[in-house]
Amino acid sequence: GNNCPEPEKKYLYSKWKHNFGFKTQNHLYNYWFAKDYIKKSGKAILVESPGNVWRLEEAGIHNSLAIFGASLADIQKMILDISGAMTIYTIMDNDDAGKKAAEAIYKKCQRTYNVYNIEIEHSDVASMTIEEINTYIKPRINND
(Lines give C-alpha, C1' and ligand atoms only; values in the text may rest on other atoms or scores of the structure.)
Protein backbone atom coordinates (compact mmCIF):
# COMPACT_ATOMS: atom_id res chain seq x y z
CA GLY A 1 0.00 0.00 0.00
CA ASN A 2 3.01 2.32 -0.08
CA ASN A 3 3.62 4.71 -2.93
CA CYS A 4 6.92 4.77 -4.80
CA PRO A 5 9.28 7.55 -3.75
CA GLU A 6 9.46 10.75 -5.74
CA PRO A 7 12.04 10.49 -8.59
CA GLU A 8 14.39 13.01 -6.94
CA LYS A 9 14.44 10.91 -3.73
CA LYS A 10 14.91 7.43 -5.23
CA TYR A 11 18.62 7.49 -4.37
CA LEU A 12 17.61 7.36 -0.69
CA TYR A 13 16.06 3.94 -1.20
CA SER A 14 18.93 1.95 -2.66
CA LYS A 15 18.49 -1.81 -2.52
CA TRP A 16 21.60 -2.49 -0.49
CA LYS A 17 20.62 0.02 2.19
CA HIS A 18 17.37 -1.80 2.90
CA ASN A 19 18.32 -5.43 2.48
CA PHE A 20 18.00 -6.92 5.96
CA GLY A 21 21.32 -8.13 7.30
CA PHE A 22 23.49 -6.77 4.48
CA LYS A 23 26.28 -4.70 5.96
CA THR A 24 27.78 -2.52 3.25
CA GLN A 25 30.89 -1.83 5.32
CA ASN A 26 31.85 -5.51 5.00
CA HIS A 27 31.82 -5.60 1.20
CA LEU A 28 33.29 -4.03 -1.91
CA TYR A 29 30.86 -4.25 -4.80
CA ASN A 30 32.32 -6.12 -7.79
CA TYR A 31 35.29 -7.53 -5.85
CA TRP A 32 34.57 -11.09 -6.95
CA PHE A 33 34.84 -10.14 -10.63
CA ALA A 34 37.51 -7.43 -10.29
CA LYS A 35 39.99 -9.30 -8.10
CA ASP A 36 41.85 -11.03 -10.96
CA TYR A 37 42.16 -7.73 -12.88
CA ILE A 38 43.38 -5.99 -9.73
CA LYS A 39 45.94 -8.70 -9.05
CA LYS A 40 47.19 -8.60 -12.65
CA SER A 41 47.40 -4.79 -12.91
CA GLY A 42 48.17 -3.94 -9.28
CA LYS A 43 45.51 -1.20 -9.54
CA ALA A 44 42.09 -0.80 -7.96
CA ILE A 45 39.59 1.94 -8.74
CA LEU A 46 37.24 3.00 -5.95
CA VAL A 47 33.89 4.59 -6.75
CA GLU A 48 30.86 5.29 -4.60
CA SER A 49 28.12 3.16 -6.16
CA PRO A 50 27.45 0.06 -8.25
CA GLY A 51 26.13 2.26 -11.10
CA ASN A 52 29.59 3.76 -11.45
CA VAL A 53 31.12 0.28 -11.60
CA TRP A 54 28.66 -0.69 -14.33
CA ARG A 55 29.62 2.33 -16.47
CA LEU A 56 33.35 1.58 -16.07
CA GLU A 57 32.68 -2.04 -17.04
CA GLU A 58 30.88 -0.83 -20.16
CA ALA A 59 34.03 1.16 -21.01
CA GLY A 60 36.23 -1.93 -20.60
CA ILE A 61 37.63 -1.05 -17.16
CA HIS A 62 37.28 -4.18 -15.03
CA ASN A 63 39.15 -3.37 -11.81
CA SER A 64 36.67 -1.02 -10.19
CA LEU A 65 35.05 -1.47 -6.79
CA ALA A 66 32.15 0.39 -5.19
CA ILE A 67 32.34 1.27 -1.51
CA PHE A 68 28.54 1.72 -1.18
CA GLY A 69 28.70 5.39 -0.23
CA ALA A 70 31.24 8.01 0.66
CA SER A 71 33.30 6.19 3.29
CA LEU A 72 35.88 3.39 3.10
CA ALA A 73 35.35 1.18 6.15
CA ASP A 74 38.23 -0.60 7.88
CA ILE A 75 36.96 -4.01 6.74
CA GLN A 76 36.79 -2.74 3.14
CA LYS A 77 40.41 -1.60 3.44
CA MET A 78 41.35 -5.06 4.70
CA ILE A 79 39.76 -6.54 1.57
CA LEU A 80 41.86 -4.12 -0.51
CA ASP A 81 44.96 -5.16 1.45
CA ILE A 82 44.60 -8.77 0.29
CA SER A 83 43.60 -7.84 -3.27
CA GLY A 84 47.12 -7.37 -4.63
CA ALA A 85 46.57 -3.69 -5.37
CA MET A 86 49.58 -1.40 -5.08
CA THR A 87 47.84 1.67 -6.48
CA ILE A 88 44.37 3.01 -5.72
CA TYR A 89 42.47 5.49 -7.85
CA THR A 90 39.48 7.23 -6.32
CA ILE A 91 36.78 8.57 -8.59
CA MET A 92 34.22 9.90 -6.16
CA ASP A 93 31.05 11.79 -7.04
CA ASN A 94 31.48 15.46 -7.88
CA ASP A 95 29.95 16.86 -4.68
CA ASP A 96 31.12 17.86 -1.21
CA ALA A 97 30.68 14.33 0.16
CA GLY A 98 32.72 12.91 -2.73
CA LYS A 99 35.56 15.38 -2.18
CA LYS A 100 35.61 14.58 1.55
CA ALA A 101 35.54 10.85 0.77
CA ALA A 102 38.51 11.11 -1.60
CA GLU A 103 40.47 13.01 1.04
CA ALA A 104 39.58 10.51 3.79
CA ILE A 105 40.54 7.55 1.58
CA TYR A 106 43.84 9.22 0.79
CA LYS A 107 44.58 9.71 4.50
CA LYS A 108 43.56 6.13 5.33
CA CYS A 109 45.52 4.49 2.51
CA GLN A 110 48.52 6.72 1.76
CA ARG A 111 50.96 4.67 3.83
CA THR A 112 49.95 1.41 2.17
CA TYR A 113 49.23 2.39 -1.44
CA ASN A 114 50.00 4.93 -4.11
CA VAL A 115 46.72 6.86 -4.02
CA TYR A 116 45.50 9.09 -6.83
CA ASN A 117 42.24 11.00 -7.05
CA ILE A 118 40.63 11.53 -10.43
CA GLU A 119 38.24 14.48 -10.32
CA ILE A 120 35.44 14.53 -12.86
CA GLU A 121 33.22 17.34 -14.12
CA HIS A 122 30.08 15.19 -14.23
CA SER A 123 28.00 14.42 -11.14
CA ASP A 124 29.37 10.86 -11.13
CA VAL A 125 31.01 8.29 -13.40
CA ALA A 126 27.64 6.79 -14.34
CA SER A 127 26.63 10.08 -15.99
CA MET A 128 29.71 10.06 -18.26
CA THR A 129 29.65 8.63 -21.77
CA ILE A 130 31.88 5.73 -22.73
CA GLU A 131 33.84 8.11 -24.97
CA GLU A 132 34.41 10.51 -22.07
CA ILE A 133 35.64 7.66 -19.88
CA ASN A 134 37.96 6.46 -22.64
CA THR A 135 39.44 9.92 -23.20
CA TYR A 136 39.55 11.22 -19.63
CA ILE A 137 39.74 8.34 -17.14
CA LYS A 138 41.55 5.53 -19.01
CA PRO A 139 44.69 7.59 -19.81
CA ARG A 140 45.04 8.62 -16.14
CA ILE A 141 44.70 5.05 -14.93
CA ASN A 142 47.15 3.70 -17.49
CA ASN A 143 49.78 6.40 -16.82
CA ASP A 144 50.34 6.48 -13.06
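## Close-up views of rings and cores

**View 1. A charge meets a ring.** In this predicted model, the charged end of Arg140 lies over the ring of Tyr136. The distance from that charged end to the ring centre is 3.7 Å.

View 2. How many aromatic pairs does the structure hold? There are 3 aromatic pairs in the structure. One of them joins Tyr29 and Phe68, with 6.1 Å from centre to centre and 85 degrees between the planes. Planes over 60 degrees apart count as edge-to-face, so this pair, at 85 degrees, is given that name. The two partners come from distant parts of the chain, 39 residues apart. Tyr29 belongs to the segment before α1 (31–41), while Phe68 sits in the loop between β2 (64–66) and α3 (74–81). Is Phe68 buried or exposed? Phe68 counts as buried because its relative accessibility is 12%, under the 20% limit. Tyr29 has a relative accessibility of 28%, so Tyr29 counts as partly exposed.

**View 3. Tyr89 and Tyr116 are stacked.** Here the ring centres of Tyr89 and Tyr116 are 5.6 Å apart, and their planes make an angle of 25 degrees. Why does this pair count as stacked? The angle of 25 degrees falls under the 30 degrees set for stacking, so the pair is stacked. This pair, too, links distant parts of the chain: Tyr89 is in strand β3 (residues 87–90) and Tyr116 in strand β4 (residues 114–117), 27 residues apart. Tyr89 is buried, at 2% relative accessibility, whereas Tyr116 is partly exposed, at 33%.

**View 4. The largest nonpolar core.** In soluble globular proteins, nonpolar side chains tend to be buried together. The largest nonpolar core in this model contains 20 residues. Which residues have the most contacts inside this core? They are Leu28, Leu46, Leu65, Leu72 and Leu80. At least two residues of the core come from each of α1, β1 (43–47), α3 and α4 (96–109). The largest share, 4 residues, is supplied by α4.

**View 5. The surroundings of Leu28.** Setting aside neighbours within four places in sequence, look at what Leu28 touches. Its contacts include Leu65, Ala66, Ile67 and Phe68. Leu28 is also in contact with Leu72, Gln76, Ile79 and Leu80.

**View 6. A second core.** A separate core has 16 residues. Among them are Val47, Ile91, Val125 and Ile133.

Technical notes. Residues are numbered from 1 along each chain as its sequence is written. This is a predicted model: local features need pLDDT of at least 70, side-chain atom pairs count only at pLDDT 80 or more; totals for chains, interfaces and linings use all residues. Side-chain values use heavy atoms; hydrogens and water are left out. Rings of Phe, Tyr and Trp (its six-membered ring) pair if their centres lie within 6.5 Å; planes under 30 degrees apart count as stacked, over 60 as edge-to-face and the rest as tilted. Buried means under 20% relative accessible area, exposed over 50%, partly exposed in between (1.4 Å probe, protein chains only). A charge sits over a ring if NZ of Lys or CZ of Arg is within 6 Å of the ring centre and within 35 degrees of the ring normal. A nonpolar core is a set of buried Ala, Val, Leu, Ile, Met, Phe, Trp, Tyr and Cys residues joined through side-chain atoms within 4.5 Å. Contact means heavy atoms within 4.5 Å.
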